[in-house]
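The following note sets out numbered remarks on the model. Please read them beside the sequence and the coordinates.

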Amino acid sequence: MEAFWNQVLNKIKEKTSAHVYETWFKPLRLLEKNETLLKISVPNSFTADWLHSNYKNIIIEAVFETTGKKKDILFEITSFEEIKPKKTVVCDKDPEIKDDNIHDLYSFENFVVGSGNQFAHAACLAVADNPGRTYNPLFLYGGVGLGKTHLMKAIVQRCLKKNPRLTVCYDTAEAFTNEMINSIRYEKMPLFRKKYRNIDVLLLDDIQFIAGKERTQEEFFHTFNSLFEIKKQLILSSDKKPQDIDDLEERLISRFQWGLIADIQPPDTETKVAILKKKALSRKIPLSNEVAFLLAHSVKSNIRELESLLNRLEACASFYKCNITLEFTQDVLKDFIQIENKEPAAEEIQKLVSKYFNIKMSDLKGKKKNNAVVLPRQIAMYIIRKKTSLSFPEIGDLFGGRDHSTVIHSIKKITSVYKEDNLVKSAVDIIIKKL
Ligand code: ADP
Ligand code: MG
C-alpha cells in the first residue's frame, strides 16, 4: 500500500509546485484502499476542506494514472501523531540515533530577535555556549507559538555543533511521561533512569504536562537532582511561570526557580514582519511590505499562525498563478484573518445607544436637554471617543454641531461617573461589547 501511495504522490508532485506539494500533499497518509475508494488521512478539518475544494481532482487523476481506475476520495481527520511512530529525540555520541527532527530550520540563525524574546534568546545562547556553567536550570516560559520549542531545538544544534561529544537530549514532557509509564509497565525502570541520568544537556519541553502526575513528578525530581548535582545542564519550557503551574509539587517549583527564568512576550508588529520577511526570503516567496504588515496585523501573537497564513498564501498564489498583491492577499485570507483597524462607525454607536436607552436617534443628536436624553448623549460621545479616532469637533458635528468644549465636558463626566455608577458602567460595557 505504501509503494502504491508513493507512486500516487510522485504523480501529484509532477502536477503541482514544490511548495504546494510540501504543504498539502506530503503530509497525507493512505489509510485504506479498495476497488472504488481511497481513504486518506488528513491532520485537520481545514486541510480536508481545502483539499476537497481545490485538489481533489489532482488526486483522482494521479490515482487514475497509477491504477487505470477512477476512484473516489474520502478524507478522514486523524491525528498524525497516532500514525507516525514517535521518535524519542536523543542526539548523542552514537551517530545512528542522531535526531531527524532537529534540523536547520530551528536554529539561532533562523530565530528573529525582537523586544519580546531578546532576553530568552540571550539566555539560550549563553547556555548553549556553556552548558552547565551559566544558568542552571534555564526555565523558559511564554504563550503558545512564541518560539520556546524553536529556541530549545536551536540549543540542541548549537551544543552539538560546538561539542559533538556531548549527550544532548530533547524531549517533550509528554514523551518523558510516556516513556516512564512504558518503562514501569515493562519493568525497564533501571534503563530509563540510566538514560536520563547520563545526559550532559537535558531539555524538557512543555513541562506543565507533568502537573498533576505525581509519579512522573517524583521521577523527574530525582532525574533533576542527579543531573544538577554533577552540573549537567537542564532546560525546561512551559506556558506559565513555575509558581503559576497548578498541581506542581512545591519542591519542583522551587528547583525550577534556582537558575534563570526567562519569559517570552508576544512579538510586536515589527518583529512579526521581520519573521515573515525572513521566512519568505528563505522560501523565495516575494512578499511586499504592505502584505507583510497586513499578515502581521491579522495575527495577534502566535507565530505558528503567522506561518500558516504565509503557507496558505503561497499555496494559493502558486495554484492560481497569481502574484501576491495586497488585494489577492485580502481575498485569499478573508475567511482566516480579521483585518484590524476596523473601527466601528460613529453612526453605529449612536444607533446602539439610542436603542439601549429607547430614545429616538433624532433626540440623541438633537437639542433637547431633558435628563432622558442628556445622559445617553454623553455616553454616546464617550464611546465614540473611545472607539473611533474622531476628534472632539468631529464628534460635536455628529450631535447637531455641538461645540467641542461640550463634547470634552461630556466625556469627562462619563469618565468619572463610569467608575462610580453601576448603571452607567453596565450601559457602556454592554454597548461596547455589541460593537
Ligand atoms: P512554542 O513552542 O512556544 O509554542 P514554537 O517554537 O513551536 O512555539 O514556534 C512556532 C513557530 O514559530 C515555529 O515554526 C517557529 O520556528 C516560529 N517562530 C517562533 N518565534 C520565532 C522567531 N522569533 N523567529 C523565527 N521564527 C519563530
Ligand atoms: Mg512548543
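This is a predicted model: local features need pLDDT of at least 70, side-chain atom pairs count only at pLDDT 80 or more; totals for chains, interfaces and linings use all residues.

1. Asn358 is found in the loop between α15 (346-357) and α16. Helices here are DSSP runs of H or I with at least four residues, strands are runs of E with at least two, and both are numbered from the N terminus. The phi angle of Asn358 is near 55°, a positive value in a residue other than glycine. Asn358 counts as exposed, because its relative accessibility is 71%; exposed means over 50% relative accessible area, buried under 20%, and partly exposed in between (1.4 Å probe, protein chains only).

2. Residues are numbered from 1 along each chain as its sequence is written, chains are lettered from A and ligands numbered from 1 in the order in which they are written, and side-chain values use heavy atoms, with hydrogens and water left out.

3. Lys321 also has a positive phi, near 55°, and is a residue other than glycine. Its place is in the loop between α13 and α14 (326-332). Lys321 is exposed, because its relative accessible area is 74%. Most residues other than glycine have a negative phi, and most peptide bonds are trans.

4. A cis peptide bond runs from Asn136 to Pro137, with omega near -5°. Pro137 lies in the loop between α5 (118-129) and β5 (138-142).

5. Asp363 belongs to helix α16 (residues 361-365). Is Asp363 buried or exposed? Its relative accessibility is 16%, so Asp363 counts as buried. Leaving aside residues up to four places away in sequence, Asp363 touches Lys368, Val373 and Arg377; contact means heavy atoms within 4.5 Å.

6. Ligand 1 is surrounded by 18 residues, of which Val112, Gly145, Thr149, His150 and Arg304 are the closest. A residue belongs to this set if one of its heavy atoms lies within 4 Å of the ligand. The shell divides into seven nonpolar, seven polar and four charged residues. In this scheme Ala, Val, Leu, Ile, Met, Phe, Trp, Tyr, Cys and Pro count as nonpolar, Asp, Glu, Lys and Arg as charged, and the others, Gly among them, as polar.

7. Which polar backbone atom is 2.7 Å from an oxygen atom of ligand 1? That atom belongs to Gly145. A backbone N or O atom of Leu146 lies 3.2 Å from a ligand oxygen atom, and an N or O atom in the side chain of Glu307 is 2.8 Å from an oxygen atom of ligand 1. Taken alone, ligand 1 exposes 560 Å², and the protein buries 94% of that; accessible areas come from the Shrake-Rupley method with a 1.4 Å probe, and for residues only the protein chains shown count as cover. Elements giving two or more residues to the shell are α6 (148-162), α11 (269-282) and α13 (303-320).

8. Overall, the protein chain has 20 helices and nine strands. The chain is more spread out than a compact globule, because its radius of gyration is 29 Å, well over the 22 Å that the globule rule gives for 435 residues. This radius is taken over C-alpha atoms, and the rule is 2.2 Å times the number of residues to the power 0.38. Along the principal axes, the C-alpha atoms fill a box of roughly 85 × 65 × 40 Å. Buried residues make up 45% of the 435 residues.

Terms used:
A polar contact is a pair of N or O atoms within 3.5 Å; within protein, one must be able to donate a hydrogen and the other to accept it, and residues adjacent in sequence count only if both atoms are side-chain atoms.
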